[in-house]
Amino acid sequence: MKVAIPTMGEGGLDCERSGHFGHCDCFTVVDIDDGKVGAVQVLENPPHEEGGCMRPVSLLADAGIDAIVAAGMGMRPMMGFAQAGITVLFDNTTPGVGAVAELAAAGALPEMGPENACHH
């Protein structure tokens, strides 16, 4: 399973997780296999203006991502991820990318529901 984590800075497990997936600098992508974090890669996030919150949906879908971990998101991109077959996992308290990756690998993150959607 490939999980994307919105990231501030250059990306990687030692970086800070971004609270807003559409405005993150990049996505740290981790491969999870048998509950363990494996290979890590970084996908650059284009500027938010180029397609708004839907641009990351197509970027991650094209990269074969299975899930994204988000602290919140609007209903439009949440529905876009669902249509692309990308599960949206919810975590709004863990600041480090590596710690978020470990939670995802452990299956400890719930799926995001409409109650977590941002209304902006």
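Is glycine 85 buried or exposed? In this predicted model, glycine 85 counts as exposed, with a relative accessibility of 53%.

**First stop: glycine 85**

Please select glycine 85 and follow the chain on either side. The residue is placed in the loop between helix H2 (75–83) and S6. In sequence, 18 residues separate glycine 85 from alanine 67, while their C-alpha atoms are 8.4 Å apart in space.

**Second stop: helix H3**

Now select residues 97–105, which form helix H3. Colour its buried residues: these are Val97, Gly98, Val100, Ala101, Ala104 and Ala105. Around the helix axis they cover an arc of only 160°, and therefore they lie on the same side of H3.

What covers these buried residues? Display the strands to see part of the answer: the cover includes strand S1 (2–7), strand S2 (26–33), strand S3 (36–44) and strand S4 (67–70). Then move just past the end of H3 and select glycine 107, where the backbone takes a positive phi of about 70°.

Side chains of opposite charge can pair when their charged atoms come close. How many salt bridges are counted in this model? The count comes to 2.

For one of them, select lysine 2 and aspartate 31 and show their side chains. They meet in a salt bridge, with an N to O distance of 2.9 Å. Lysine 2 belongs to strand S1 and aspartate 31 to strand S2, so this pair ties together parts that are 29 residues apart in sequence. Lysine 2 is partly exposed, its relative accessible area being 24%. Aspartate 31 also counts as partly exposed, at 26% relative accessibility.

For another salt bridge, select arginine 17 and aspartate 91, whose closest N and O atoms are 3.1 Å apart. Here the partners sit in loops: arginine 17 in the one between S1 and S2, and aspartate 91 in the one between strand S6 (87–90) and H3. The pair therefore ties together parts that are 74 residues apart in sequence.

Which side of the burial cut-off do these two residues fall on? A residue is buried when its relative accessible area is under 20%. Arginine 17 has 8% relative accessibility, so it counts as buried. Aspartate 91 likewise counts as buried, at 8% relative accessibility.

**Last view**

To finish, show H3 together with aspartate 91, which lies in the loop between strand S6 and H3.

Notes. Residues numbered from 1 in each chain as written. Predicted model: local features only at pLDDT ≥ 70, side-chain atom pairs only at ≥ 80, totals over all residues. Heavy atoms only, no water. Buried < 20%, exposed > 50% of the residue type's maximum accessible area, 1.4 Å probe, protein only. Helix = DSSP H or I, 4+ residues; strand = E, 2+ residues; numbered from the N terminus. Arc of directions from axis to C-beta. Contact = heavy atoms within 4.5 Å. Salt bridge = Lys/Arg side-chain N within 4 Å of Asp/Glu carboxyl O.
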